[in-house]
Amino acid sequence: MTTAAAGAAPRRRTQDALLKDIEADLRAGKIKVGDRLPGERTLAENYGISRASVREAIRILDAMGVVRSSVGSGPMSGAIVVSDPSAGLSSALRLHVASNRLPVEDIVQTRILLETWTARAGAAREGGDEDREQAAQLLEAMDHPGLDRAAFHELDARFHVALSSLAGNEVMATIMESLSGSIVGYVKGAMDAMEDWPDVLEVLRAQHHGIFDAVQSRDGELAARLLREHIEWFYQRAGDATAPRPGTVT
């Protein structure tokens with residue numbers, strides 16, 4: 001029996017050449033957001049690989065948020081370049097959170113570091129009127145009296161991403177959206193477990209208004225402090241709500 005020599009280069013997957021060329025074409029501008037990739041058969045013939053390998057490459061790009069693929073015929077069928085970086089990052093982070101490799105506590109600490117920075121930068125930044133308007137609309141939507149927990153959670157996550165976008169840094173906004181998505185299950189479970197949800201909701205709404213008002217007033221330090229207190233307060237309540245009850249068998 002023979003074994004691979006120590007230090008030998010790993011065997012390349014048959015779809016690697018296709019993935020590498022798509023990356024190069026994106027970088028060179030030959031492929032742009034909204035473009036449709038060639039069909040499965042064409043790609044298989046061009047690269048001398050099986051159609052199964054082409055499908056695997058497309059699945060990888062789909063999972064990474066580079067393309068959106070759909071079956072059938074028509075203008076929306078096939079693999080279309082969308083470039084949604086937060087989708088791929090969020091999915092990967094969420095799986096590693098589920099495996100307990102990335103503790104929720106570490107995700108929360110990272111959120112605090114990034115959100116306080118973006119709060120300061122967003123408060124100081126000139127312009128950003130569209131992002132401010134979006135944040136204001138989300139704030140108003142969260143004040144709706146008939147909102148259930150799931151709807152509030154979705155709006156809350158979008159509000160925090162909108163606040164981060166005020167800094168004008170696309171990478172920061174992408175990372176923030178990914179971090180938020182990575183613990184969506186944990187947050188939803190915690191909200192569902194909160195027996196005093198109406199009281200929690202009232203506090204969250206007041207905190208959101210205070211943060212946004214500070215940003216609008218160009219007081220970055222106040223906005224950052226309020227954000228830190230807001231995030232720490234919520235995750236303390238989340239921990240209390242999800243902690244095992246005395247006498248509960250886990």
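Read from the N terminus, the elements of the chain follow the order α-α-α-β-β-α-α-α-α-α-α-α-α, which amounts to 11 helices and two strands, where helices (H or I, at least four residues) and strands (E, at least two) are DSSP runs numbered from the N terminus. The model is a predicted one, in which local features need pLDDT of at least 70 and side-chain atom pairs count only at pLDDT 80 or more, while totals for chains, interfaces and linings use all residues. Residues are numbered from 1 along each chain as its sequence is written, and side-chain values use heavy atoms, with hydrogens and water left out.

For the chain as a whole, buried residues make up 38% of the 250 residues; buried stands for under 20% relative accessible area, exposed for over 50%, and partly exposed for what lies in between (1.4 Å probe, protein chains only). The accessible surface comes to about 14600 Å², and 54% of it belongs to carbon and sulfur atoms, the areas coming from the Shrake-Rupley method with a 1.4 Å probe, with only the protein chains shown counting as cover for residues. Of the contacts in the chain with a separation of 6 or more, 69% are between residues 24 or more positions apart, a contact being heavy atoms within 4.5 Å.

Two helix pairs share α3. Helix α1 (residues 16-28) packs against α3 at an angle of about 45°, with the axes 9 Å apart; axes are lines fitted to C-alpha atoms, for helices over the stretch in contact, and angles run from 0 to 180 degrees between N-to-C directions. The two helices are therefore oblique to each other, since angles under 35 degrees count as roughly parallel, over 145 as roughly antiparallel, 65 to 115 as roughly perpendicular and the rest as oblique.

The axes of helix α2 (residues 40-47) and helix α3 (residues 51-63) come within 9 Å and cross at roughly 110°, which makes α2 roughly perpendicular to α3. This crossing, too, is right-handed. Here E40, R41, L43 and A44 of α2 meet R51, V54 and R55 of α3, and by class the contact has three nonpolar, no polar and four charged residues.

Further along, R132 belongs to helix α6 (residues 129-142) and is buried, with a relative accessible area of 8%. Apart from neighbours within four places in sequence, its contacts are G122, A123, R125, G127, L166, F212, V215, Q216 and R218. R218 lies in the loop between α10 (197-216) and α11 (220-242), is partly exposed at 39% relative accessible area, and has a positive phi of about 65° although it is not a glycine. Most residues other than glycine have a negative phi. S83, in the loop between β2 (78-81) and α4 (85-98), also has a positive phi, of about 50°, and is partly exposed at 46%.

Methods. A crossing is left-handed if the near helix is turned anticlockwise from the far one by less than a right angle, and right-handed if clockwise. Ala, Val, Leu, Ile, Met, Phe, Trp, Tyr, Cys and Pro count as nonpolar, Asp, Glu, Lys and Arg as charged, and the others, Gly among them, as polar.
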